[in-house]
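Please read the numbered points alongside the sequence and the model.

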Amino acid sequence: MHAFSSIDHTPLVRQLGVELSDDYLCLALTHRSFANENGMLPNNERLEFLGDAVLGLSIAAKLYELHPERPESDISKMRASIVSRYGLADVAREINLGPHILLGKGEKLNDGGNKDSILADTTEALLGAIYRQYGFETAREVILRLFATKISGASARNRNLDWKTTLQEALAEAKLPMAVYTDERTGPDHELTFYVTATVGQTEVGHGEGPNKKTAEQHAAREACELVRTNPGAIQV
């Protein structure tokens with residue numbers, strides 16, 4: 001398939017840490033919008049279904065081992081935050097997955113390669129493909145490496161390493177729209193400072209800065225969480 005072969009997938013495979021056959025890699029990267037526009041090709045939704053199960057079990061088992069003193073309710077919340085759409089999308093961005101996804105024309109025009117839902121689903125499809133080709137143990141090793149920071153930072157009371165996920169959960173509970181993050185950067189390339197604004201609807205809800213975009217977003221999301229929890233009525237949608 002020309003659309004698949006025209007992209008150099010070597011950086012993505014390097015990030016995954018395992019070689020995937022072209023058949024599995026292509027299938028895992030094929031979004032239904034692309035498949036439907038090209039003669040109803042097979043898409044990645046079945047692999048996504050499989051990857052979701054492998055991911056959930058791998059994370060649950062690791063949290064069970066790491067937190068023998070915690071009740072089920074705590075580790076269940078930890079797992080939910082790690083395997084959420086936003087947690088998966090974070091990992092997808094860390095491995096720069098977006099440019100590799102095969103999308104239909106409409107999704108391309110709408111920046112589909114940067115949508116949380118598409119990034120999350122494709123990440124699960126890749127995990128499903130790894131499971132199919134190598135089995136559970138290899139898939140588990142890949143998952144624990146890619147999600148290591150989220151696993152070590154998981155806390156049922158204060159997920160301070162993942163304020164973006166915490167914010168989205170608070171917004172959902174308040175029936176408010178998802179947050180949108182915009183960034184500016186200043187300084188020389190070797191010493192950039194990032195400034196991020198988090199916006200919900202028409203309201204700026206948080207600001208953050210840091211040496212990289214991800215850190216600045218986390219600071220903005222943390223500030224936004226306080227507003228959503230204490231004064232959600234101030235947010236105009």
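1. C26 has a relative accessible area of 12% and counts as buried, because the cut-off for that class is under 20%. The model in which this value was computed is a predicted one.

2. C225 is likewise in the buried class, and its relative accessible area is 0%.

3. How many disulfides does the model contain? The count is zero, where a pair of cysteine sulfur atoms would have to lie within 2.5 Å to qualify. In general, a disulfide is a covalent bond that links the sulfur atoms of two cysteines.

4. With regard to burial across the protein chain, 46% of its 237 residues are classed as buried. The accessible surface of the chain amounts to about 12,600 Å², of which carbon and sulfur atoms supply 50%.

5. The protein chain is made up of 13 helices and three strands in its secondary structure. Its radius of gyration is 19 Å, close to the 18 Å given by the globule rule for 237 residues, so the chain is as compact as a globular protein of that length. The C-alpha trace spans about 50 × 45 × 40 Å along its principal axes.

6. Consider next the contacts between residues at least 6 apart in sequence: 56% of these join residues at least 24 apart.

Methods:
Residues numbered from 1 in each chain as written. Predicted model: local features only at pLDDT ≥ 70, side-chain atom pairs only at ≥ 80, totals over all residues. Heavy atoms only, no water. Helix = DSSP H or I, 4+ residues; strand = E, 2+ residues; numbered from the N terminus. Rg over C-alpha atoms; globule rule 2.2 N^0.38 Å. Buried < 20%, exposed > 50% of the residue type's maximum accessible area, 1.4 Å probe, protein only. Contact = heavy atoms within 4.5 Å. Areas by Shrake-Rupley, 256 points an atom, 1.4 Å probe, with all protein chains shown as cover.
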